[in-house]
Amino acid sequence: MILLAVDTALDACAAAVATERDGTVEIHAVRDVIGRGHAEHLMRVVDEVLAYAGVGHVDLDGYAVSVGPGSFTGIRVGVAAVRGFALASGRPAVSVTTLEALASEGRDIRPERPILAVIDARKNEVYAQAFDAGGRPLGPATVASAGVVARHGAEIGAVLIGSGAPLVAAADPTLEIAATTPFPAIDTHALLALPRLAAAGPHTPRPSPLYVRPADAKPQGAARLARLTPGGLAAEVGS
Amino acid sequence: MGREDGKFRMGGAARRQPTSGRVLILGIETSCDETAAAVVEREADGRGRILADVVHSQLADHAPYGGVVPEIAARAHVEILDHLIERAMREAGVGFTDLSGVAATAGPGLIGGVIVGLMTAKAIADVHRLPLIAVNHLEGHALTPRLTDSVAFPYLLLLVSGGHTQFVAVEGLGRYTRIGTTIDDALGEAFDKTAKLLGLPYPGGPAVERLARDGDPARFDLPRPLMRRDSLDFSFSGLKTALRLEAEALQPLDDRTIADLCASFQAAVTDVIRFKAKLALKRFGELTGVAKPTLVTAGGVAANKAVAAALSEAAADVGGRVVVPPGELCTDNGAMIAWAGAERLAAGLVDGLDAQARARWPLDPDAAPKLGSGQLGAKA
């Protein structure tokens with residue numbers, strides 16, 4: 001099985017080709033840390049990694065993409081590209097989240113402990129998700145204040161990993177930090193994706209962004225001017 | 001034609017051999033609140049044909065907010081676009097390997113949505129080694145009459161939408177001269193803001209037009225801004241303020257007053273449009289030496305019947321004619337992007353897969369920016 005994995009959710013613009021043959025996995029990866037400009041840069045990274053691995057789109061069994069949480073625009077760059085690849089090639093595509101990839105890296109550092117993956121979400125909040133020592137999620141990905149996340153981490157005795165770890169540890173200095181990794185490696189994404197792609201079929205839904213945070217928008221208030229017949233005219237025009 | 005032999009194509013826009021044969025283009029549009037995909041064919045003689053043209057309007061997603069919310073639009077585009085492309089390809093009865101190229105709006109517009117369409121186009125182009133054409137959304141509008149009515153260069157374009165109000169002299173592919181534009185609100189924006197003020201549902205333009213039919217256009221003497229012989233520019237923010245002051249003075253508003261306000265607003269707008277169109281057609285005639293000029297309209301406001309009538313009167317006065325593409329091709333659509341892509345590809349104009357999404361991208365790069373234009377400045 002050969003897959004192409006793409007990650008543009010955080011500061012990296014990365015792609016990897018993972019080849020699984022007779023139980024061994026070979027990974028070719030290209031990673032640029034660019035912060036911004038993923039939309040302009042991604043196709044260069046993709047074509048570089050395909051050339052590096054010596055394969056073309058036609059050789060791939062499918063695709064994987066990091067769906068977030070992270071930068072809204074960054075996530076959409078990767079998801080739109082991978083959904084486009086899947087559409088154009090007729091191959092399936094699968095999702096990996098930034099939080100589960102971080103947790104997987106945390107497990108390599110502290111294998112016996114629950115892991116709390118935390119990404120700085122700005123506005124004094126972190127994206128967070130807890131995993132047990134076996135890597136199973138203990139709940140959905142959330143966004144919350146460092147204090148709330150720290151309390152949860154202490155309750156389950158978790159080790160922290162990710163860019164949000166210093167924020168959370170500042171709220172509860174007893175919490176242990178495994179690493180302050182700014183973004184998970186593209187290799188990690190690719191490894192998590194391989195079994196998912198093996199289980200995917202032609203009807204597997206294509207990846208969707210995992211924003212966690214809602215769009216920042218408020219419904220329109222009432223009309224600014226007083227009306228004699230509130231709603232009547234609007235209802236008539238709208239009908 | 002169309003297959004690329006090179007390993008990878010970067011390095012921005014490029015010029016290649018013009019194409020002599022037929023081209024088949026997939027076009028993608030995601031710059032505002034419509035997700036759209038289309039397949040268009042351009043014959044060697046320049047005639048065009050739409051094989052499929054599908055649009056998903058996000059109107060309902062934005063209605064509770066009284067306007068388009070950029071982040072909500074971008075989120076919707078990424079969930080819908082690939083399905084829409086699949087549908088367009090199926091309706092056209094073609095596969096990706098039949099295409100000569102992939103075109104997508106690269107701006108101007110809401111950047112989050114533009115990125116979704118452009119990345120999808122890049123991915124399809126990458127898989128099938130097809131040329132990418134990064135299209136200026138406004139060029140899509142500008143070239144539409146060549147697709148629908150085989151209009152020959154040169155002609156005068158009036159683009160009137162929620163984002164733009166401008167006269168553009170279209171003299172050839174890539175030869176666009178803006179000869180007038182709004183210095184503040186776009187006309188569609190003025191309609192929508194008026195509707196919002198009066199408590200009418202979103203989108204406001206059609207609501208104002210419908211109420212104006214039953215109203216008295218002479219009840220309120222609203223200003224006709226910039227109605228002077230020495231300017232082809234528009235201004236609508238003063239008109240909007242004048243309407244608000246009249247409305248505030250008469251609170252609470254009854255239905256009759258609201259209809260009269262709508263009618264008076266629309267009368268002011270059509271007076272300005274008629275006057276400016278006549279002036280612009282004369283200026284265009286002097287510029288190009290064309291005796292009987294063609295005025296082409298595009299944009300959502302072109303669907304307003306009172307505005308359309310005013311434009312016809314203006315053209316008749318100077319012995320010209322008006323071409324109004326079908327309504328669904330006046331508002332945002334994929335066919336116009338595919339067509340602009342076809343015209344550019346036929347002329348040998350293609351882009352690299354590092355093409356940039358642009359929030360602002362004037363059609364006429366030499367046109368001077370207009371001072372005081374809107375809260376974010378004129379988009380183009």
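**Note on the two domains of chain A**

1. In this predicted model, 14 residues of domain 1 of chain A are in contact (heavy atoms within 4.5 Å) with 9 residues of domain 2 of chain A. Domain 1 spans 2-97 + 184-199, and domain 2 spans 99-179. These bounds come from an automatic or database domain assignment. The C-alpha centres of the two domains lie 25 Å apart.

2. How much area is buried between domain 1 and domain 2 of chain A? About 870 Å², with carbon and sulfur atoms giving 61%. Buried area is the accessible area (1.4 Å probe) that two parts lose on being put together, summed over both. On the domain 1 side, P69(A), T97(A) and P184(A) supply 53% of the area buried against domain 2, more than any other three residues.

3. The rule finds 1 salt bridge across this interface (a side-chain nitrogen of Lys or Arg within 4 Å of a carboxyl oxygen of Asp or Glu). E100(A) forms a salt bridge with R196(A). Their closest N and O atoms are 2.7 Å apart.

4. Which elements give two or more residues to the side of domain 1 that touches domain 2? They are strand 5 (93-96) and helix 6 (186-199) of chain A. Helix 6 gives the most, with 4 residues. Helices (H or I, at least four residues) and strands (E, at least two) are DSSP runs, numbered from the N terminus.

5. On numbering and limits: residues are numbered from 1 along each chain as its sequence is written, and chains are lettered from A in the order in which they are written. Local features need pLDDT of at least 70, side-chain atom pairs count only at pLDDT 80 or more, and totals for interfaces use all residues, while side-chain values use heavy atoms, without hydrogens and water.
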